[in-house]
Amino acid sequence: MTLPGSPQLAYLGNELFLENCSLAELAQRYGTPLYVYSRSAMLEALAGYQRALAGRDHLICYAMKANSSLAVLQIFAQAGCGFDIVSGGELERALAVGVAASKIVFSGVGKTRAEMRRALEVGVMCFNVESEAELEVLSELAAATGAVAHVSLRVNPDVDAGTHPYISTGLKGNKFGIAHERAVACYERAAALPGLKVAGIDFHIGSQISEAAPYLDALDRMLDLVDAIESHGIAIHHLDLGGGLGITYADETPPSAQALMKTLLTRIDARGHGHRKIMVEPGRSLVGNAGALVSEVLYLKPGTAPHGDPSGAEKNFCIVDAAMNDLMRPALYQAWMNIVACRLSNEPPLLCDVVGPVCESGDWLGHDRSLAVRAGDFIAVLSAGAYGMSMASNYNTRPRAAEMMVAGDQAWVIRDREQVSDLFRGEHLLPLGSRRT
Ligand SMILES: *Cc1c(COP(=O)(O)O)cnc(C)c1O
């Protein structure tokens, strides 16, 4: 039995396997909470983009904020990808896995001078510039060091990606990008400033987008701009279509990466822009369905009908050892993620809220789930490969989870479980003497 959205995940008998590895066995051996990823699932997801772009001048830049663990980056780097980064820290991660700086694009609305200096020093392929003020600062820094910064302006096409407001980025009210009406003037400014060279144009309209229509709207508006910019004598070399393609968490039916890219490339060709280099920046769609978060059931806490409640409503809780600090998506976006038992049992299922130990009512992983589990059993939160570990925190002084990669029947620890002593490092007591209280 396979599970929706997760190509490498299936029950064999009663046991849940990712590729040929039993999740319960990994949890038993390496402890929980435990993130486990499938290398094949990542490479299959990438192959959809690669097939559509084959034969064209292109670069797939994995947006590493979705999952920036070094082994994940290594897989994509070896498969030929570049990276889309949004901070100086992400730049160092990319360099640490040996990717050429000429395959790195630097996005983000708030790049600091220090981050831009470092990116100029290593020679990133392109800065995706998000404001006129950033353009001026970048020019000043580049000119001062004699470097040339290749730039693309992120234009805000003002299209509604139809996604959660927190992950929608292409509307006028968002902080991202340069307003469509200002774009031509900004390109003229960029072309005139010292230290800058116009390379391309980009958009990124949001995340977990489940249809092609908003992309086509954004693309059309971008191609209009390209025509206008080039009529001012400024050459646009590449078109960067951003990321944002959704995955199946529940019953969403986003187009496949290959189908979406085909649709967009057909439009690009039809409008006479097929000669340009095509860039994309997928994050979630490359890693989301490749991972699961495995957790142990600590306690079952049966609900009690409030006194005199005629409906007899009860809330049962399944308290697990993973929490909002390990996987923030439910708390942050009210995201629905599938939760299943790692071993199927014949016991009657319990309708319950799956919650963590953190002292917040927002600390839940799933509401009203039907699970046949007991204390000591393992559950898996599915499609947790994107925006899971990369958003994890130490709230409640909880060490971050360990991470594993599986391929066939092989499994590697790719990040050790954090130790509590790691969390104190860099903290200092006040110099108040040794008086005990
Ligand atoms: C986050 C982000 C992406 C990737 O988004 P996904 O929804 O994970 O595909 C791509 N480009 C930029 C500029 C981003 O900020």
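At 0% relative accessibility, E403 counts as buried, and its salt-bridge partner is R415, with the closest N and O atoms 2.7 Å apart. The structure is a predicted model, and a search through the whole of it finds 21 salt bridges.

**Charged pairs**

- Side chains of opposite charge can pair when their charged atoms come close.
- D353 counts as buried at 5% relative accessibility, whereas K315 counts as partly exposed at 38%.

**A network of salt bridges**

- The side chains of D224 and R271 meet in a salt bridge with an N to O distance of 2.7 Å.
- D224 lies in helix α8 (residues 213–231) and R271 in the loop between α9 (257–270) and β14 (277–280), so this pair ties together parts that are 47 residues apart in sequence.
- Both partners are partly exposed, with a relative accessibility of 41% for D224 and a relative accessible area of 29% for R271.
- Salt bridges that share partners join D224 and R271 with D220, D227 and R267 into one network.

**The largest pocket**

- The largest pocket has a volume of about 570 Å³, and of the 31 residues that line it, the closest to its centre are K65, T169, F176, H204 and Y387.
- Its lining is made up of 11 nonpolar, 13 polar and 7 charged residues.
- Domain 1 (9–38 + 288–423) and domain 2 (107–282) each supply at least three residues to the lining of the largest pocket.

**The second largest pocket**

- The second largest pocket has a volume of about 340 Å³, and of its 20 lining residues, A45, I247, A257, S285 and N289 are the closest to its centre.
- The elements that give two or more residues to this lining are α2 (39–53) and α10 (284–287), and α2 gives the most, with 5 residues.
- By class, the lining of the second largest pocket has 11 nonpolar, 7 polar and 2 charged residues.
- This lining, too, draws at least three residues from each of domain 1 (9–38 + 288–423) and domain 2 (107–282).

How values were computed
Residues numbered from 1 in each chain as written. Predicted model: local features only at pLDDT ≥ 70, side-chain atom pairs only at ≥ 80, totals over all residues. Heavy atoms only, no water. 1 Å grid on protein atoms, 1.4 Å probe; cavity = no way out; pocket = protein on both sides within 12 Å on 5 of 7 lines; lining within 4 Å. Points joined across faces, edges and corners; volume = space filled by probe spheres on them. Nonpolar A, V, L, I, M, F, W, Y, C, P; charged D, E, K, R; others polar. Domains from an automatic or database assignment. Helix = DSSP H or I, 4+ residues; strand = E, 2+ residues; numbered from the N terminus. Salt bridge = Lys/Arg side-chain N within 4 Å of Asp/Glu carboxyl O. Buried < 20%, exposed > 50% of the residue type's maximum accessible area, 1.4 Å probe, protein only.
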